[in-house]
Amino acid sequence: MAKKALSERQKNILAYIQQYVAEFGRPPTIREIGGAVNISSTSVVNYNLTKLKERGLLERDADVSRGLRLTEKVAETTGQAVEAIGKVVERVNTAVSNLLRVPLVGDIVAGSPIEVGNGDFSAYDDEDAIELSSSMISGRKDDLFALRVSGDSMIDAMVNDGDIVIMRPEYDVRNGDMVAVWLSDDTTTLKYYYQEGNQVRLQPANPTMDPIFVDRENVQVQGKVMMVLRQTA
């Protein structure tokens, strides 16, 4: 029985790996593949890579970063598949050119504020970045950064533990904005911001948690939430 044809998604993955290796001389990361072919879940990317490996189209080394290698069988597969791969390269290139690479700089707690030392977010590796289409974010894009959420104080705002928030540095925010703030006792938290006289109310979106009241001079807004990327894997 003839093998099932490659899915459009699998053709796009092959095309992107092929193009990326040709341009950069190394394979892409799982996140880079997902961003290029519009797959938000790394587990879905891994599933399709496993299917391509089963068909002998690529080899994987799970112990090595970027451990992907296309095999000669890619060029030996059906003419239709080869032609399809060639056709999608241009489309993938267009998608890649429209991608934003947003650095994932650390964690932010959606819960009680936690101590962070110098008011900075914990640093991730340089390889950690979130890729998304530039059309998904309006306004300036050159200073965006991403934080991984820990905790459930913002669950009614559809921000869950493990989600990624895309932030823009903002220091003049409006009441009701969701912001990451640094407090003068060297703690950070993610909350809704409300200025009330000389105080700021940091309001959780969880009915089981109480708001935090702090003096205005003891609050420094680090950034405003522009987008939430929900983790489904």
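A salt bridge is counted where a side-chain nitrogen of Lys or Arg lies within 4 Å of a carboxyl oxygen of Asp or Glu. The model shown is predicted, so local features need pLDDT of at least 70 and side-chain atom pairs count only at pLDDT 80 or more, while totals for chains, interfaces and linings use all residues. Residues are numbered from 1 along each chain as its sequence is written, and side-chain values use heavy atoms, with hydrogens and water left out.

**View 1. Arg140, Asp143 and Glu170 are joined in a network of salt bridges.** Glu170 pairs with Arg140, their closest N and O atoms being 3.6 Å apart. Because Glu170 lies in the loop between strand 7 (164–168) and strand 8 (178–183), and Arg140 in the loop between strand 5 (129–133) and strand 6 (145–150), this pair ties together parts that are 30 residues apart in sequence; strands here are DSSP runs (E, at least two residues), numbered from the N terminus. Arg140 also forms a salt bridge with Asp143, at 2.8 Å between the closest N and O atoms. Arg140 is partly exposed at 38% relative accessibility, as is Asp143 at 26%, where buried means under 20% relative accessible area, exposed over 50% and partly exposed in between (1.4 Å probe, protein chains only).

**View 2. Glu59 and Arg69 meet in a salt bridge through their side chains.** The N to O distance is 2.8 Å. Glu59 belongs to strand 1 (residues 58–60) and Arg69 to strand 2 (residues 68–70), so the pair ties together parts that are ten residues apart in sequence. Glu59, at 42% relative accessibility, is partly exposed, and Arg69 is partly exposed at 45%.

Note on methods:
Helix = DSSP H or I, 4+ residues; strand = E, 2+ residues; numbered from the N terminus.
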